[in-house]
Amino acid sequence: MRIKWAAVAVAAMALALSGCGSGDGSEQTGPTRPAPKVVALGPFVGECGNVTDTEIRDIGGIGQVTRVFRNAVGCNWQAGGFGSASITFASYRGSPIERERAWVTVNGRAPEQIEVAGKPGFAALDPGGSICDLAIQLGDDFFEWSTNLGPFVTGNPCDRSRALAELTLQRIR
């Protein structure tokens, strides 16, 4: 009886394997995937957008500032205290700027087309006028400066984000 089951198992395996033949490849069935897009790396915008802590303090107008985090793609600086001002830089390689535009739109900020140093982008100011996200396209990459003035700093945060973006673009390698 075992021999019968072994013969049936061998026959079933042979039948299954014969369906996986190695034809010449000219017959394709089913959908094929498009080749993945390989994007060229854009210019290096530098760690923290090539902007110093002192420049963040002076341009941001937020007095004492502490860099809270720094990693391969971004940095964040904050003034002291609850609800205090903050400035964030982020760099995105091979990521569509339109995804960021959609995110700021969903969060109640109306993005406005801008150009900084000949580069296209957008600036999105929140309805309260205290937060601005400013993104600049660099080929298939983009970077963003986000300025949150908090309740105690006055002025237009987009002016500050723009000044930081201009510095970043001047210092691109």
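Q: Why is C75 called buried?

A: Buried means under 20% relative accessible area, exposed over 50%, and partly exposed in between, using a 1.4 Å probe and protein chains only. C75 has a relative accessible area of 0%, so C75 counts as buried. A word on the source: this is a predicted model, where local features need pLDDT of at least 70, side-chain atom pairs count only at pLDDT 80 or more, and totals for chains, interfaces and linings use all residues. Residues are numbered from 1 along each chain as its sequence is written, and side-chain values use heavy atoms, leaving out hydrogens and water.

Q: What makes C48 and C75 a disulfide?

A: A disulfide is a pair of cysteine sulfur atoms within 2.5 Å. The sulfur atoms of C48 and C75 are 1.8 Å apart, and the two form a disulfide. C48 sits in the loop between α1 (2-18) and α2 (53-60), while C75 belongs to strand β2 (residues 74-78), 27 residues apart. Helices (H or I, at least four residues) and strands (E, at least two) are DSSP runs, numbered from the N terminus.

Q: Why is the disulfide of C48 and C75 called left-handed?

A: The torsion about its S-S bond is about -70 degrees, so this disulfide is left-handed.

Q: How do you know that C132 and C158 form a disulfide?

A: Their sulfur atoms are 2.1 Å apart, and the cut-off is within 2.5 Å. Here the S-S torsion is about 100 degrees, so the disulfide is right-handed.

Q: Why does C158 count as buried?

A: C158 has a relative accessible area of 12%, so C158 is buried.
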